[in-house]
Amino acid sequence: LMWWVQYLLTLCHPQFYIRELRPTDRDQLVALHIECFPVSYESQFFDKSVQGQLFSRVIAVGRPAPRPGSPLPDADQMGGLDRHWEEGWGGGSEEMAGVIISQVSPHAEFEDVVLDSGCQKEDRVAYICTLGVWDRYRQHGLAAKLLRILIDWAEADPSIKAISLHVLTSNNVALYFYEKYGFTRLKRLADFYTINGKQCDAYLYVRHINGGIPPCTWLLKTFQTLKRPLVSVCLATSNHVISVLRRLGVCGMGSTGAAHGGGVITDPNSSVWTDTKRV
């Protein structure tokens, strides 16, 4: 009796649950992308998504149909990828509230350089293709929940060293959202998007995980290029300064230091310390 009371409550209070995309989601998936994104996506992208060729998680809302022996999910619970939520409660009337889709590729095949050139061949990158929530279901933390699911899933795979995505430079809400969850801006890409016939720039954002190393910035590369000549110049300058100081009698190597062949000594006529070669 108590079980049926709980079930009747779910009819009055639709609940959220999490699952992967499936072929029957295609029409809703297309509609959500038309609603949420200013750019169009090819039909092949939707086919791959619903056929399981890409990573996907859906937050669905509805009145799931019960099956004998299947436990009722907690209406207040949204954590974890509990498989019985889908298997035991699928088939009812439901609507897709939000979705995240990601493609995982070897870094060598990835269009953008998001890892250091010394990364291993097996290192991979999870690219967030889309993350969208219907307008009527926003302000409930669904986007954050979906992103957290992807991050946790990627961190569990040691071969995935980074999660990346592109964001429209004018989308301040999205920029703040991803920065809040540990993504850093790597570079600006001019004319990346075409929206209503107008070219728009994008930012490349990355979150490195599992020991992934970011690529060298131009400043670091410049320093590495100039490091050797800079060290040579500094050494030459230092030797010249020491030579001048010695000629002026400010510092020098006393007879005690020469006799012992090393150590830190002082000139008896000066308070200047002289560090000679240690043996």
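**View 1. Surroundings of Ile128 in the predicted model.** Beyond its neighbours within four places in sequence, Ile128 is in contact (heavy atoms within 4.5 Å) with Ile100, Ile101, Ser102, Leu147, Leu150, Ile163, Ser164, Leu165, Tyr178 and Phe183. The model is predicted: local features need pLDDT of at least 70, side-chain atom pairs count only at pLDDT 80 or more, and totals for chains, interfaces and linings use all residues. Residues are numbered from 1 along each chain as its sequence is written, and side-chain values use heavy atoms, with hydrogens and water left out.

**View 2. The nonpolar cores.** A nonpolar core is a set of buried Ala, Val, Leu, Ile, Met, Phe, Trp, Tyr and Cys residues joined through side-chain atoms within 4.5 Å; buried means under 20% relative accessible area, exposed over 50%, and partly exposed in between, with a 1.4 Å probe and protein chains only. The largest core has 56 residues, and Ile128, Ile163, Tyr178 and Phe183 have the most contacts inside it. Helix H5 (residues 142-155) gives the most to this core, 8 residues. Leu168, Tyr193, Ile195 and Ala202 are among the 5 residues of a second, separate core.

**View 3. Strand E7 and its partners.** Helices (H or I, at least four residues) and strands (E, at least two) are DSSP runs, numbered from the N terminus. Strands pair if DSSP finds at least two bridges between them. E7 (residues 198-208) runs antiparallel to E5 (residues 160-168), joined by 7 bridges, and Leu165 stands opposite Tyr205 in E7. E6 (residues 184-195) pairs with E7 in the antiparallel sense over 8 bridges, with Tyr193 opposite Cys200. In the hairpin of E6 and E7, 2 residues lie between the strands, and Asn196 takes a positive phi near 55°. Of the 11 residues of E7, 8 are buried.

**View 4. Two loop residues with positive phi.** Most residues other than glycine have a negative phi. Gln139, not a glycine, has a positive phi of about 65°; Gln139 is found in the loop between E4 and H5 and is exposed, with a relative accessible area of 81%. Asn210, also not a glycine, has a positive phi of about 50°. Asn210 lies in the loop between E7 and helix H7 (218-247) and is partly exposed at 29% relative accessibility.
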